[in-house]
Amino acid sequence: MKAHRPLIFLVLLLLLPPGCQGGSSEGPFFRDRFGDPHSGWGSESREAFDRGYEEGEYFIEVYEPNWFAWATPGRRFDDVVVEVDARQLSGSPTGHFGLLCRYRSSRDFYYFAITGDGYYAILRVQDGKQKVLTGAGFLPTQAVRTGGEANRIRAICQGDRLTLVVNGQELGTATDDTFSRGDVGLGVGSGPDGGIRVHFDNLVVTRPEGGEE
């Protein structure tokens, strides 16, 4: 197996409007099973993508190659643990999907990503420029379930430490203090081969162990 795959992230950033505010802007936890289409993530359809609620799940589908689309609920957190079930329903396995944390704008956030063919990375997007924090590119792992199976993705943002856990296995950590707080989110990106559709469910946001109330 090759040591890493060159980064095929976002050639074109797609700005999506933030989700509606819901509940308190601060809090020790937040959860969504996406059964309520008014829970704050929004729905939208454009030529390059669709996103919205469907049968108790949230989906993002990207049609254009090398595009990245996401959705956020319009909240703010500092130290946070974000978990979600994600499964790729269709599209190239070279596409990627996962979780955002400390999202400040369309140009500034952390992204915890896996691919449909078993790779992972933690990335920082700052001023619209991406940087892989866990190596020279996406790294291979046996922890990612391929073939359209659901993966439980966990992103831990605690202080300057960023950790990606998939299906209970810690895959990578990075140290970065660029962003200290922001929103959480769901992200999906297509590779050079074209479109990808991913469904998300059972999102839970908690404070890390030892985090301040």
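I looked up Phe-34 to begin with: in this predicted model, Phe-34 is buried, with a relative accessible area of 1%. I then checked Tyr-58, which is also buried, at a relative accessible area of 0%. The cut-off for buried is under 20%.

Next I went through the aromatic rings. I count twelve aromatic pairs, taking ring centres within 6.5 Å as the rule. Stacked would need under 30 degrees and edge-to-face over 60. I placed Phe-34 in the loop between strand E2 (30-32) and strand E3 (44-45), and Tyr-58 in strand E5 (residues 57-62); the pair therefore ties together parts that are 24 residues apart in sequence.

I also noted one aromatic cluster, formed by Phe-68, Trp-70, Tyr-103, Phe-109 and Tyr-111.

Which residue lies over the face of Phe-59? I found Arg-197 there, at 4.2 Å from the ring centre.

Last, I looked up values for the whole protein. I find 17 strands and zero helices in the secondary structure. Of the 213 residues, 56% are buried. I took the contacts with a separation of 6 or more, and 66% of these are between residues 24 or more positions apart. For the accessible surface I have about 9,300 Å², with 46% of that area belonging to carbon and sulfur atoms.

Terms used: Residues are numbered from 1 along each chain as its sequence is written. This is a predicted model: local features need pLDDT of at least 70, side-chain atom pairs count only at pLDDT 80 or more; totals for chains, interfaces and linings use all residues. Side-chain values use heavy atoms; hydrogens and water are left out. Rings of Phe, Tyr and Trp (its six-membered ring) pair if their centres lie within 6.5 Å; planes under 30 degrees apart count as stacked, over 60 as edge-to-face and the rest as tilted. Helices (H or I, at least four residues) and strands (E, at least two) are DSSP runs, numbered from the N terminus. Buried means under 20% relative accessible area, exposed over 50%, partly exposed in between (1.4 Å probe, protein chains only). A charge sits over a ring if NZ of Lys or CZ of Arg is within 6 Å of the ring centre and within 35 degrees of the ring normal. Contact means heavy atoms within 4.5 Å. Accessible areas come from the Shrake-Rupley method with a 1.4 Å probe; for residues, only the protein chains shown count as cover.
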